[in-house]
Amino acid sequence: MTMPWNLARQTAREAVKPLEAVEVALADALGLALASGVRALASQPACDTSAMDGYAVAGSGPWTVVGRVAAGDPVPGATGAPVPGRAATGEPVPGMIRAGEAFGVATGAPVPGGADSVVPVEVCSVEGSRLHGEAVVGKHIRRRGEDWSAGDELVPAGSAVTPAVLGLAAGAGHDTLLVHRRPRVAVVVTGDELLHSGPPRPGRVRDAIGPMLPGLLAGADLLGTVHLRDDPSALTDALTSARADVLVTCGATSVGPADHLRRVLHELDADILVSGVACRPGHPMLLAALPDGRHVIGLPGNPFAALAAALTLLRPLLDTLGGHAIRPPITATLNAGAHSTDTRLIPVTRTGIPTGHDRPGSLWGAALADALAVIPPGHGAGEVELLPL
Ligand SMILES: Nc1nc2c(c(=O)[nH]1)N[C@H]1C(S)=C(S)[C@@H](COP(=O)(O)OP(=O)(O)OC[C@H]3O[C@@H](n4cnc5c(N)ncnc54)[C@H](O)[C@@H]3O)O[C@H]1N2
Ligand code: MOO
């Protein structure tokens, strides 16, 4: 039942549907996927705006300075808007300027109607109310709606909410975003031999997977991690009681006397979707659906194999549950020894240089790496996919 690596990843992606959509405050949306596209609630800029500190001018110079407006001031002369009370001439500020007139503006301030350019302060001089300089028609005015118009879709559904998306959404007028809720994950670490503090010693090893997992659950909520001895009834209880969408087990995937996971899943009537993957490391990894709709990911006990399995099955499953669209792969050109029948997952830098130290029990190479490179069976030289760490 060993499955090719690509098919295993696809099976994990397609095993679930995106979780329900929820409306959350901007600050709570980071890392989640948009359930609907972000549309602009207003045009940007909302009116013709100065891109420089200087003077909005009409026609060619010299000009008479008839007023001044700062960022945050109302649009000069807009209907009903108070006219800024800082007219340099002491005259009422006109709604429009006419040829030969200038209006002092700050970067981001609205420009008065009739202005056909902004002259930056560095390239002009003022004597009393006379302004001298050269104007280039259209220069340094950000026109209303130049970036986007009200109603434009700025970011499509399925995109991850990044810091830039949050800033953009706020700029476009949003206080909340519609996102898919975070998948809830519970972790079960098994093994009589595991220690959770202090140095390892003969016969006892430190749990290296429990501490690694929270960082692999971006966009998900970790409900908790339990540590179990190699006891099938404790494993059964843990799998039945967790209220998570996804249960991640570590260890017990193999065929040893203490490796109970497959038997326990069978007794729970689970549908085994992936049972073994043709890849190195990580081949005993497993994906199962429990009758109540929750999913179980079985990570092998060898820590680097667990990492490889998390990137193969867990991340794609969480991506779909979280509503994330599939993104084009990141690739690098890499000439690494391929296996004849199995996909190899090897730790590499972002430029595709293998870091080595990649035995299944060791996270050393992965700790020095930026990604795992996916080397398909029989691969020669050329581009391969990178799974970012
Ligand atoms: N007869 C066979 N034996 C094994 C096979 C096989 O096909 N036939 N596959 C090997 C491969 S490949 C892997 S990977 C492991 C998977 O083992 P399990 O998932 O059953 O895990 P354990 O047996 O409990 O542990 C294996 C290894 O990893 C250490 N371990 C376990 N948990 C942790 C942890 N949280 N942190 C650090 N290290 C951990 C454990 O001490 C063992 O050394 O099976 C092979 N055997
Ligand atoms: O998944 Mo196992 O190494 O291949 O350790």
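Modeller: Let us begin with a contact: a polar side-chain atom of glutamate 193 lies 2.7 Å from an oxygen atom of ligand 1. A polar contact is a pair of N or O atoms within 3.5 Å; within protein, one must be able to donate a hydrogen and the other to accept it, and residues adjacent in sequence count only if both atoms are side-chain atoms. The model is predicted: local features need pLDDT of at least 70, side-chain atom pairs count only at pLDDT 80 or more, and totals for chains, interfaces and linings use all residues. Residues are numbered from 1 along each chain as its sequence is written, chains are lettered from A and ligands numbered from 1 in the order in which they are written, and side-chain values use heavy atoms, with hydrogens and water left out.

Colleague: Which backbone atoms lie 2.9 Å and 3.3 Å from an oxygen atom of ligand 1?

Modeller: A backbone N or O atom of glycine 301 is at 2.9 Å, and a polar backbone atom of asparagine 302 is at 3.3 Å. On its own, ligand 1 has 860 Å² of accessible area, of which the protein covers 67%. Such areas come from the Shrake-Rupley method with a 1.4 Å probe; for residues, only the protein chains shown count as cover.

Colleague: How many residues surround ligand 1?

Modeller: A residue is counted as near a molecule or strand if one of its heavy atoms lies within 4 Å of it. There are 21 around ligand 1, the closest being Glu193, Asp207, Thr253, Ser254 and Gly301. Strand S16 (205-206) and helix H5 (303-321) each contribute at least two residues to this shell. Helices (H or I, at least four residues) and strands (E, at least two) are DSSP runs, numbered from the N terminus.

Colleague: How is the shell around ligand 1 divided by class?

Modeller: Ala, Val, Leu, Ile, Met, Phe, Trp, Tyr, Cys and Pro count as nonpolar, Asp, Glu, Lys and Arg as charged, and the others, Gly among them, as polar. The shell of ligand 1 then has 11 nonpolar, 6 polar and 4 charged residues. For ligand 2 the shell has 4 nonpolar, 3 polar and no charged residues.

Colleague: Which residues are around ligand 2?

Modeller: They are Pro281, Gly282, His283, Pro284, Asn302, Ala305 and Pro360. A polar backbone atom of glycine 282 is 2.4 Å from an oxygen atom of ligand 2, while for a backbone N or O atom of histidine 283 the distance is 3.2 Å. The side chain of asparagine 302 places an N or O atom 2.8 Å from an oxygen atom of ligand 2.

Colleague: What is the strand order in the open sheet of 6 strands?

Modeller: Two strands pair if DSSP finds at least two bridges between them. Here the order is S1-S20-S24-S25-S26-S23, with mixed pairing. Strand S1 (3-4) and strand S23 (330-333) are at the edges with a single partner strand each, so one side of each has no neighbour in the sheet. S23 pairs with strand S26 (residues 383-388) in the antiparallel sense over 4 bridges, and threonine 333 has glutamate 383 in S26 as its bridge partner. Isoleucine 330 also belongs to S23.

Colleague: How many disulfides does the structure hold?

Modeller: A disulfide is a covalent bond between the sulfur atoms of two cysteines. The criterion is a pair of cysteine sulfur atoms within 2.5 Å, and the structure holds 0 disulfides. The closest cysteine sulfur to that of cysteine 250 is in cysteine 279, 16 Å away, which is too far for a bond.

Colleague: Is cysteine 250 buried or exposed?

Modeller: Buried means under 20% relative accessible area, exposed over 50%, and partly exposed in between (1.4 Å probe, protein chains only). Cysteine 250 is buried, at 2% relative accessibility, and cysteine 124 is buried at 16%.

Colleague: Where does aspartate 269 lie, and what is its phi?

Modeller: Aspartate 269 lies in the loop between helix H4 (261-267) and strand S19 (271-275). Its phi is positive, about 65°, although it is not a glycine, and at 61% relative accessibility aspartate 269 is exposed. Histidine 357, likewise not a glycine, has a positive phi of about 50° and is partly exposed at 38%.

Colleague: Which peptide bond has omega near -15°?

Modeller: The bond from glutamine 44 to proline 45 does, and it is cis. Another cis peptide bond joins glycine 61 and proline 62, with omega about -10°.
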